Amino acid sequence: MNPVMGLALLLALEAGASGDAIPLPGPEGLTMSVGEALVKRHSARRFDSAAKLTRAQIGALLWAAAGITRADPAHPQGGKRTAPSAFGSASIDVFVASEEGTFLYSPKEHALLPRDTADLRGKLAGAAWAKDAPVLLILVANFDRYPERTSAPERRDYAFADGAAAGENIYLAAAALGLGTVLTMSSISEAATLLKLGKDQRALFVFPVGREVPEEKPEKDKAPGK
Ligand SMILES: Cc1cc2nc3c(=O)[nH]c(=O)nc-3n(C[C@H](O)[C@H](O)[C@H](O)COP(=O)(O)O)c2cc1C
């Protein structure tokens, strides 16, 4: 096992027993220009299952999706974030499903909160190819963070818009980190039960993330000698 993930596993097991938050490093490695990240952004559907993500990479991806950039003790979620949200509600939670278990990202602490010791990736992945990804990031909307005056259909619309904004940040961070990802929606109906979501929560998207395996080029397209 990769020593970094070995450490993560140890921490996860320790934290699972005590319920403590696991601090994340970073954000690190997000130094690519926005222009280059936009050019490199694409959907990846082939992942190297042996290439585990480091905690620094996970920290950078989570910070990009939901990290706090303008801390505010008066804000119920601890402040405004990297991604915009309707009413500044910071409505999106990000869950992490990995070999080590399932975790909830805490933007306030920039840490992982252990939720389940089970590896839920197989059930949450949807497509067979997504099961190879070492990590799945699941974006969950919290309807009760919107103003009371908003109707249920409005909340649904706001939730998907908020989720899409956070999701694009995941795409761009993955590009900057040299990782592959894709927005998927095929398994979100099972996610509510698997993640033990509340009545005011809704799973929106699942992002498998990992090192992308390039497509095999057909023989005719290969350069001589390759
Ligand atoms: C709302 C939405 C839902 C999507 N659902 C899926 C999905 O379930 N599975 C999948 O493989 N890709 C999904 N995608 C990714 C698109 O197929 C992909 O963005 C599109 O083919 C364009 O390719 P690109 O992202 O590489 O530019 C989704 C994208 C969006 C915006």
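# Chat about a predicted model

Modeller: In this predicted model, helix 3 and helix 5 pack at an angle of about 145°, and their axes are 7 Å apart.

Colleague: Why give an angle and a distance for two packed helices?

Modeller: Two packed helices are described by the angle between their axes and the distance between the axes.

Colleague: And is the crossing of helix 3 and helix 5 left-handed or right-handed?

Modeller: The crossing of these two helices is right-handed.

Colleague: Which residues of helix 3 and helix 5 meet?

Modeller: Helix 3 brings Gln57, Ala60, Leu61, Ala64, Ala65 and Ala66. From helix 5 they meet Ala166, Asn169, Ile170, Leu172, Ala173, Ala174 and Leu177. By class, this contact has 11 nonpolar, two polar and no charged residues.

Colleague: Step back a bit. How many helices and strands are in the chain?

Modeller: The chain has six helices and nine strands. It holds 226 residues, and 41% of them are buried.

Colleague: What about contacts between residues at least 6 apart in sequence, how many join residues at least 24 apart?

Modeller: Of those contacts, 74% do.

Colleague: Now the core. Which residues in the largest nonpolar core touch the most other members?

Modeller: Leu61, Leu137 and Ile138 do, in a core of 56 residues. Helix 3, strand 4, strand 5, strand 7, helix 5 and strand 9 each supply at least two residues of this core. Helix 5 gives the largest share, 11 residues.

Colleague: Why would nonpolar side chains be buried together?

Modeller: I can only give the general rule: in soluble globular proteins, nonpolar side chains tend to be buried together.

Colleague: OK. What does Leu61 touch?

Modeller: Leaving out residues up to four places away in sequence, Leu61 touches Leu137, Ile170, Ala173, Ala174 and Val209.

Colleague: Strand 4 was on that list. Is Val94 buried or exposed?

Modeller: Val94 lies in strand 4. Val94 counts as buried because 24 other C-beta atoms lie within 10 Å, and the cut-off for buried is 20 or more. Beyond four places in sequence, Val94 touches Leu62, Ala65, Ala66, Tyr105, Leu137 and Leu139. Val94 and Tyr105 are 11 residues apart along the chain, and their C-alpha atoms are separated by 5.6 Å.

Colleague: And Ala97, buried or exposed?

Modeller: Ala97 also lies in strand 4. Ala97 has 29 C-beta neighbours inside 10 Å, so it counts as buried. Its contacts beyond four places in sequence are Thr102, Leu120, Arg121, Leu124, Leu136 and Ile138.

Colleague: What about His110, where is that?

Modeller: His110 is in the loop between strand 5 and strand 6. With 19 C-beta neighbours inside 10 Å, His110 counts as partly exposed, because buried needs 20 or more. His110 and Trp63 are 47 residues apart in sequence, and 7.4 Å apart in space from C-alpha to C-alpha.

Colleague: Let's switch to Thr69. Which residues does Thr69 touch?

Modeller: Thr69 is in strand 2. Not counting residues up to four places away in sequence, Thr69 touches Lys80, Arg81 and Thr82. Thr69 and Arg81 are 12 residues apart in sequence and 5.1 Å apart, C-alpha to C-alpha. Thr69 counts as exposed, with 11 C-beta neighbours inside 10 Å.

Colleague: Next, backbone angles. What is phi of Phe87?

Modeller: Phi of Phe87 is near 65°, a positive value in a residue other than glycine. Most residues other than glycine have a negative phi. Phe87 lies in the loop between strand 3 and strand 4. Phe87 is exposed, with 12 other C-beta atoms within 10 Å.

Colleague: And Lys196, what phi does that have?

Modeller: Lys196 has a positive phi of about 55°, although it is not a glycine. Lys196 is found in the loop between helix 6 and strand 9. With 10 C-beta neighbours inside 10 Å, Lys196 counts as exposed.

Colleague: Last topic. Which residues surround the ligand?

Modeller: The ligand is surrounded by His42, Ser43, Arg45, Val182, Leu183, Thr184, Met185 and Ser186. By class, this shell has three nonpolar, four polar and one charged residues.

How values were computed
Residues numbered from 1 in each chain as written. Predicted model: local features only at pLDDT ≥ 70, side-chain atom pairs only at ≥ 80, totals over all residues. Helix = DSSP H or I, 4+ residues; strand = E, 2+ residues; numbered from the N terminus. Near = placed C-beta within 6 Å. Nonpolar A, V, L, I, M, F, W, Y, C, P; charged D, E, K, R; others polar. Core = buried A, V, L, I, M, F, W, Y, C linked by C-beta atoms within 7 Å. Contact = placed C-beta atoms within 7 Å. Axes fitted to C-alpha atoms, helices over the stretch in contact; angles between N-to-C directions. Left-handed = near helix turned anticlockwise from the far one by under 90°.
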